[in-house]
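Reader: I would like to learn how to read a structure like this one, feature by feature. Could you walk me through it?

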Amino acid sequence: MHVRLHIENQRLYTLLELSTLLSSTRNVNQLFKLLAIQTSSLLNAERTSIFVYDAARNELWSKVAEGTGRKTIRIPSNRGIAGHVLRTGEMLNVRDAYQHPAFLKEVDRQTGFVTRTILGCPMRSHSGECTGVIEALNKRAGVFTTQDEKMLMSIAALAAVSLENSFLIEGQMDLFESFIESSVHALGDRDQMTYGHTIRVAYFADKLARAISDCRHTPFDKITFSEEDLRKLRFAALLHDIGKITVPEAILNKRDKLFDHEVEQIRQRFDHIKLAEKIRALENGGADAHGYRRFCQRLDQDFELILRLLPPGPVSDADRQVLDGMCRTIYRINGRDVPQLTEREYRHLVLARGNLTEDEFELMKAHVKKTWDILAKIYWPKDLKQIPVWASSHHERMDGTGYPLGLKAAEIPIEGQILAVADIFDALTATDRPYKKRNSISEAKNILQGMATAGHVNPDMVELMGTLQDRDLSPGAERV
Ligand SMILES: [Fe+2]
Ligand SMILES: [Fe+2]
């Protein structure tokens, strides 16, 4: 009697423990694993299967261990012992599986497992609906007892509530995910370049976060990203440039230091200058045809120089002087004094870095603040509250010289730091940027190294990125 009481207490204690464990995870895969292990242990069974009823497809599905993960299997809801339990809504204690008409012998044949005894119990939602079946297989000694039946009933009640909660939460996450993906697609309709960039940043961020998780050395030895954490990071990555929807398309797609229509304006102006010069020459008797030709040749050379300086890149002092001379050369066209080159055109052409003027760059930079404004307006569940912060910190720099807030290393969340590295890595290796050539993976790693030394990005992350193989850093056909 005393021994039996002790065993009962032990079981109750383990059941309580299971209830605490179940409430500690919302991940369906982990729940399945936990339930299977704990139920087998509590009932002294060799194996436990959990089947969930999918009313829309009239199927039962389960997760089975496969390699390091779990894969989903599906069976028609009226088949097997699980189907029988689901249909009748009653517990079933099978003492000899092969003698039961509902037992599916082919499953044993496929898995190599030999089923002897089965204890199947329905799982019910809070509204009493049958939502699935939990099955303990092969009692290690004898058959499943009445005590086991009571125990499995308690476990099934706990399991039903936990699974229902985790499905609700997963459903909410799925909803967010589909909403985020749909927004990113909408962004792609307007701006294909940012769309591709966004998808790749999510890919690189995931690779880097997994490398951090696997890293056994300081400062990452205590940092682990669970699959849930990685999913949140992916959301932040997909949304990090959502603010670009407010940046004028012309600036987003700007290729050279001047827009095409501005170059066309210069070409037309030069034609007008030539025409005015021709008229002037004719008015003066048209004698100096040679001088007029030389004049046109000089203008053509100037125009060629302008075309040569259009792509982003440094400008020599000599070229700068020629441009300066153009600004100061005034022609009289249609009764108006017109400089050969305007101040504005000059400022664009002498840009030493990139293709944007300061004003245009400010407009571009504003996208991060917009990312924040857009995301901060969304009502995020508690678990996802940090996403706006992570997404809008991808242009912060470790030394505090970044934007929009000028945060320093300790103030930038690790997720933001990961996004910063992934963002730069893609900017360097992307093939679809009209204004610059692609760097190879090793060139990009070197440039990142330089940026880490300069205090812009996390040096430990860059070092880790450096250890990733080329194939890990080739997103290929990855899509949302
Ligand atoms: Fe950005
Ligand atoms: Fe970006």
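Reader: Which elements cover the buried residues of α7?

Author: Happy to start there. This is a predicted model, in which local features need pLDDT of at least 70, side-chain atom pairs count only at pLDDT 80 or more, and totals for chains, interfaces and linings use all residues. Residues are numbered from 1 along each chain as its sequence is written, while chains are lettered from A and ligands numbered from 1 in the order in which they are written. Helices (H or I, at least four residues) and strands (E, at least two) are DSSP runs, numbered from the N terminus. A residue is buried if 20 or more other C-beta atoms lie within 10 Å of its own, exposed if 12 or fewer, and partly exposed in between, with C-beta atoms placed from the backbone. Two residues are in contact if their C-beta atoms, placed likewise from the backbone, lie within 7 Å. Here the cover of the buried residues of α7 includes α5, α6 (192-214), α13 (358-376), α14 (387-391) and α15 (414-429). Those buried residues are Lys 232, Leu 233, Phe 235, Ala 236, Ala 237, Leu 238 and Leu 239.

Reader: What is the overall fold content, and why is the chain said to be more spread out than a compact globule?

Author: The protein chain has 17 helices and 8 strands. Its radius of gyration is 34 Å, well over the 23 Å that the globule rule gives for 480 residues, so the chain is more spread out than a compact globule. The radius is taken over C-alpha atoms, and the rule is 2.2 Å times the number of residues to the power 0.38. Along the principal axes, the C-alpha trace spans about 125 × 45 × 40 Å, and 30% of the 480 residues count as buried.

Reader: How do α2 and α5 run relative to each other, parallel or antiparallel?

Author: Axes are lines fitted to C-alpha atoms, for helices over the stretch in contact, and angles run from 0 to 180 degrees between N-to-C directions. Angles under 35 degrees count as roughly parallel, over 145 as roughly antiparallel, 65 to 115 as roughly perpendicular and the rest as oblique. The axes of α2 and α5 (residues 146-190) come within 11 Å and cross at roughly 175°, and the two helices are therefore roughly antiparallel. Among the residues that meet there are Leu 31, Leu 35 and Leu 42 in α2, with Met 151, Leu 152 and Ile 155 in α5.

Reader: Where does Arg 11 sit, and which residues does Arg 11 contact?

Author: Arg 11 lies in α1 (residues 2-24) and is partly exposed, with 17 other C-beta atoms within 10 Å. Neighbours within four places in sequence aside, Arg 11 is in contact with Leu 42 and Met 151.

Reader: Which peptide bonds are cis, and where is a positive phi found?

Author: Most residues other than glycine have a negative phi, and most peptide bonds are trans. A cis bond joins Thr 218 and Pro 219, with omega about 0°, and Pro 219 is in the loop between α6 and α7. The bond from Tyr 403 to Pro 404 is also cis, with omega near 10°. As for phi, Asn 58 has a positive value of about 50°, in the loop between β1 (45-54) and β2 (59-66). Asn 334 likewise has a positive phi of about 50° and lies in the loop between β7 (330-333) and β8 (336-339).
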